[in-house]
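Biologist: I have not looked at this structure before. Could you take me through a few of its residues?

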Amino acid sequence: MQINILAGGPTELWSQKLFEEPGIWIGADRGAWRLYQHHIPMLMAVGDFDSLEDDELEILETHLKSNQIVHVKAEKDETDTELALLYAQEQDPDIIKVFGATGGRIDHLLSNLWLMADETFNHIVERIQFVDSKNIVSYVQPGQKTITKIKGTKYLGFMPLNNVENFKIIDGKYPLQLTKNVSKMWSSNEFIGPVVHISFDTGIIMVTQTKDNA
């Protein structure tokens with residue numbers, strides 16, 4: 001099962017053929033309104049909906065059943081995207097793709113990408129992707145891992161989210177071996193084949209596959 005989450009980020013960063021994705025949808029805040037505008041059925045809508053006009057929220061509440069909309073207070077600890085991910089996690093899907101979560105406010109972008117450092121998501125961390133027109137972000141937990149090249153991307157990057165030890169990029173264009181945690185982005189690596197193998201002992205690593213043009 002695939003669950004897609006649409007957050008309220010800039011529409012110009014949407015991936016091509018966004019609404020042709022298989023699976024079911026969850027709308028996070030303004031993402032729910034955009035799903036409604038595109039006539040996309042949604043499992044639920046969640047958020048404080050502070051980005052919606054009153055009439056938009058009224059239409060959304062009329063369109064959805066009471067058990068399909070979770071309206072939380074603006075004064076909360078979780079972001080709207082985080083709330084959507086928590087609900088998606090409860091469904092135990094095979095993959096969760098998050099769209100509309102990049103661009104716009106830098107604090108929203110960083111909080112979204114760093115969510116996977118929270119042990120709350122340990123169960124699904126390797127099933128999550130953040131996707132926009134130029135980037136696919138995924139996550140890996142410790143061990144020997146195989147990163148498969150995504151069609152259309154060129155660059156490969158790695159960012160430790162927490163204490164990562166003994167990190168190795170084994171067969172990328174630029175191999176790397178680190179024994180201690182280094183909190184920096186190892187960007188602009190490339191595939192020289194269909195896969196790149198990495199390994200590390202502790203922590204979580206964010207993996208980025210990117211392209212120059214949308």
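The questions and answers below go through a helix, some surface patches and single residues.

Modeller: This is a predicted model, in which local features need pLDDT of at least 70, side-chain atom pairs count only at pLDDT 80 or more, and totals for chains, interfaces and linings use all residues. Residues are numbered from 1 along each chain as its sequence is written, and side-chain values use heavy atoms, with hydrogens and water left out.

Biologist: Which residues of H1 are buried?

Modeller: Helices here are DSSP runs of H or I with at least four residues, strands are runs of E with at least two, and both are numbered from the N terminus. Buried means under 20% relative accessible area, exposed means over 50%, and partly exposed is in between, with a 1.4 Å probe and protein chains only. Helix H1 spans residues 30–37 and is mostly covered, with six of its eight residues buried. The buried ones are Arg 30, Gly 31, Ala 32, Trp 33, Arg 34 and Leu 35.

Biologist: What covers the buried residues of H1?

Modeller: Cover is judged by contact, meaning heavy atoms within 4.5 Å. The elements that cover these residues include S1, strand S2 (24–28), strand S3 (44–47) and H2.

Biologist: Which residue just after H1 takes a positive phi?

Modeller: H1 covers residues 30–37. Just after H1, a phi of about 60 degrees is taken by His 39.

Biologist: Is Ser 199 buried or exposed?

Modeller: Ser 199 sits in strand S13, residues 195–200. Beyond its neighbours within four places in sequence, Ser 199 has contacts that include Gly 143, Asn 166 and Phe 167. Because its relative accessible area is 13%, Ser 199 is buried.

Biologist: What is the relative accessible area of Met 1?

Modeller: Met 1 lies in the segment before strand S1 (2–6). Together with Ile 24 and Leu 43, Met 1 forms a nonpolar patch on the surface, with about 230 Å² of accessible area together. Met 1 counts as partly exposed because its relative accessible area is 44%.

Biologist: How far apart are the C-alpha atoms of His 63 and Thr 79?

Modeller: His 63 lies in helix H2. His 63 is partly exposed because its relative accessible area is 45%. His 63 and Thr 79 are 16 residues apart along the chain, and their C-alpha atoms are separated by 24 Å.

Terms used. Patches are made of residues with over 30% relative accessible area and no salt bridge: like charges are joined within 9 Å, nonpolar side chains (Val, Leu, Ile, Met, Phe, Trp, Tyr) within 5 Å. Accessible areas come from the Shrake-Rupley method with a 1.4 Å probe; for residues, only the protein chains shown count as cover. A salt bridge is a side-chain nitrogen of Lys or Arg within 4 Å of a carboxyl oxygen of Asp or Glu.
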